[in-house]
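Please read it alongside the structure.

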Amino acid sequence: MSVPILEVLDLHAAYGRIEVLRGVDLTVPKGAVMALLGPNGAGKSTLVKVVSGQKRATGGDIHLGGVHVTDADSAELARVGLCTVPEGRSVFPNLTVQENLVLMSYAGVPADAVLDTAFSYFPRLAERRHQLAGTMSGGEQQMLAMSRALASDPALLLLDELSMGLAPLIVDELYDTVAQIAESGVSILCIEQFARTALRVSDYAAVMIGGRIVATGEPAEILETMDDVILGGVA
Amino acid sequence: MSTFLAFTIFGLFSGAAYAIAASGLVLTYTTTRVFNIAHGALGMVMSFLFWDFSVRQGMPTWLALVLVLLVVAPAVGWFLQRFVCRGLGEGPVSVSLVVTVGLLVGCIGLATQVWKPEARSVMPFLPDTRVQLGSITVTGHQLITILLSAVVAAGLFLLLNRTRIGTAMRASVDNPELLKLFGGRPDTAAALSWAIGTSLAALAGVLLVSQVGLDYYALTLLVINAYAAAMFGRLKSLPMTFVGAMVLGLSTSYASGYLPTEGIFNSVRNVMPALFLFAVIVALPQAQLRIGQVKGSVAAPVPSTPKALAWGAVLLGVVAMLSGSMSTANLLLVGTAATYAMVMLSLVLLTGYGGHVSLAQLSFAGVGALAYAKLDEPSLYGLALASLIAAGVGALVALPVLRLTGLYLALATMAFGVIMDKLVFQHESAFGFNGTLPAGRMSFFGTAVSSTGGYVMLMAVFFVLMALFLLALRRGPLGRVLIAMRDSPAACGTLGLDMRWFRVGLFALSAGMAGMAGALFAGLRETIGAADFQFFNSLPLLLLAVVFGVTTVTGATFGGIGLMLMPVLQSDYPELSGLIFAVIGFGAVALGRDPNGLANLVFKGGRLAQTRLLPRVRASLPELPARGEAAPDPSYDEGADAPDQSQQKEVPVHAAP
């Protein structure tokens, strides 16, 4: 088996004295889509923050493509091919659509190529290229955010709560895009509270409760056992 | 007609220089949310440096220019961003204001220390070039300035709108974390904007220095012109900033040309920028509440009433002992300390509890003193009336900015301080130009307090009463509202609190307290003048208040003593006078982030002594070791510590009684 794209070993992280991650072990194989599920407060978003370099780990190791990256700067990680789409709208509301896209070129792809990719996937963005991103609808903003995942050709894509605050129809469309990105060979770790949407496109799934991974496996079996896992409180 | 054109050219020239300064200010503000009050002071230091390079060391002008504008100024800007201003933008406005005010005072101190006061002059650029436009002559220097402002405008526009790093600079204001996830480096963007901003401040300073002269204060105050222009563009729009700068330059020029040279109008020309700033602020639209920000910081604990009374009695006892034994000169110093401490109490209310910054608190004290002297009613009645007048003036200052928040209020007080300095206090019906007024010692229900010792005692009593009033206010419902408004204006808005009139009231109360201090000071000195209430002295006052702790009465007490000692130290060591300023300024830069200041450290030490040392001392008392075994049994120690652990935590704001 080849080197996994993301390997998290016994990861600990805390907000002050409150420990949120209590020894997370997680492996995302190269080219796979992994769904990370779990209830509120399980530590999913914290895991994304630590992996993307926004928050310091208090213990444990992270390997990206076999390279030890614990405590790396988030800008550095973004430049070497880790694309993180954080919770909420990850766009700059006071910049125009085009300016948002230009900034995406920091990840290493020329600005022209970013614009081309984004506009070919989402023609609606081309219509609104001179509009301020903050004035678009939630779905359109999320399209803009996804453009970064599409255009920057990352090695690993971290998606945090893509569905937050969006209509189910739009969520479905967004996950179609995720599936498209996955087909191009990008490894994806996607965090989701609503299991069914995420499991539809994923190859593997993991369940996180109370700061630990309590179950991993194929989407079908996870779906079967998840009600037990979450409601029965295996953690 | 030709005079009109000449004034127009001069107005365009100064407008262009203001525009350069203002655009630097706008650039740093839009990219880092730090409003750099010290912008003018940096320009001042850089023009002194330019003088040093070009005149004193005799470098060629171009080399000096390149060194100042392209090497030193950007390096200073980078340094400031890296070590002083990083992360200030996300914090409360009051903190970034205090830190940059500290920078301003530090810059003035540094400049006076390095370049001792003496006559210096800088030649304008291209002194021999004259361009004839019809009937009027434009000097080469003016032409260069106007051209440079156009170049700066175009350059900044291209940078911000056409380049990726410029876009990143604008993006990093909204969300630096997200910019990092994009792969951008917010720190680089911020450092670049500070470097460019400082360089523009230097350019404006160097261009204006041949006009204004190498003066520590005149160049520093030029920043008010820059603010005014920047406000015209609402601190966002660079084109509007340029328009504002031109309007300001032209109106100042016309004012000096066409206003009558007699009467009140003669002074009006000096305060044109401040008046312009006021006008722009009044016309600004309602500031929006910023949602999703909880700025609450851990507050210093409020002492219980018995404790406050006890410490007040101790203070009075000390002052009583001093007033019996000290010489009149020293007693005057104690009285001055009490005055400053009272003014700082008014800052505790306004800044410590309310979260608003006033840059001209001494001017309010001056209003109180002036009213007291003019009323010629040396009694409690006169004192009350003087305080009321100061409070009224405070309300008047706060009224125009009723709808706006922290930063604008602070800038309004700065404009107010300048107006008071140059227009009101200097006027014949006030102190007169460099004049003084006699003021009587206060009588107390018919009994005159004529001895200096007795009067100092009276001031101490007033200070203690004021402090007790403040603490009572903090404990009551008003105090809770104050803290709530400071921590989250948005939450207060949703609760239906009308913050606007409350803010005016708060400001008026604080100004009234400062006015009372001023009136008492007038009685102490028996003669009072504008020089006692210089606007610039309000800045060290604010800084010392913050350094010693602007959230506590203790901090105000120590701050008052410290501020009183400052001129004493300066007269004792005249060669270090600038250094003292610099130390205070940069000290505030270092300590400004914690508004609880040094006083809180004292409290912490006190609590630590109480919880750690006291049991230890008690434990060691009954069994005094005979052979020097000073260390008590550790296991016993732990037992003594445990029950007190809970008390030594800092009380969060919302949980404070």
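H2(B) passes H9(B) in a right-handed crossing (the near helix is turned clockwise from the far one by less than a right angle). This is a predicted model, in which local features need pLDDT of at least 70, side-chain atom pairs count only at pLDDT 80 or more, and totals for chains, interfaces and linings use all residues. Residues are numbered from 1 along each chain as its sequence is written, while chains are lettered from A and ligands numbered from 1 in the order in which they are written.

**H2(B) and H9(B)**

- Helix H2 (residues 39–56) and helix H9 (residues 216–232) of chain B have axes that come within 7 Å and cross at roughly 140°; helices are DSSP runs (H or I, at least four residues) numbered from the N terminus.
- Axes are lines fitted to C-alpha atoms over the stretch in contact, with angles from 0 to 180 degrees between N-to-C directions.

**H15(B) and H16(B)**

- The axes of H15 (residues 361–375) and H16 (residues 380–398) of chain B come within 8 Å and cross at roughly 140°.
- That makes H15(B) oblique to H16(B), and the crossing is right-handed.

**Chain B against chain A**

- In chain B, 15 residues are in contact with 20 residues of chain A (C-beta atoms, placed from the backbone, within 7 Å).
- H6(B) gives the most to this side of chain B, with 6 residues.

Key
Helix = DSSP H or I, 4+ residues; strand = E, 2+ residues; numbered from the N terminus. Contact = placed C-beta atoms within 7 Å. Parallel < 35°, antiparallel > 145°, perpendicular 65-115°, else oblique.
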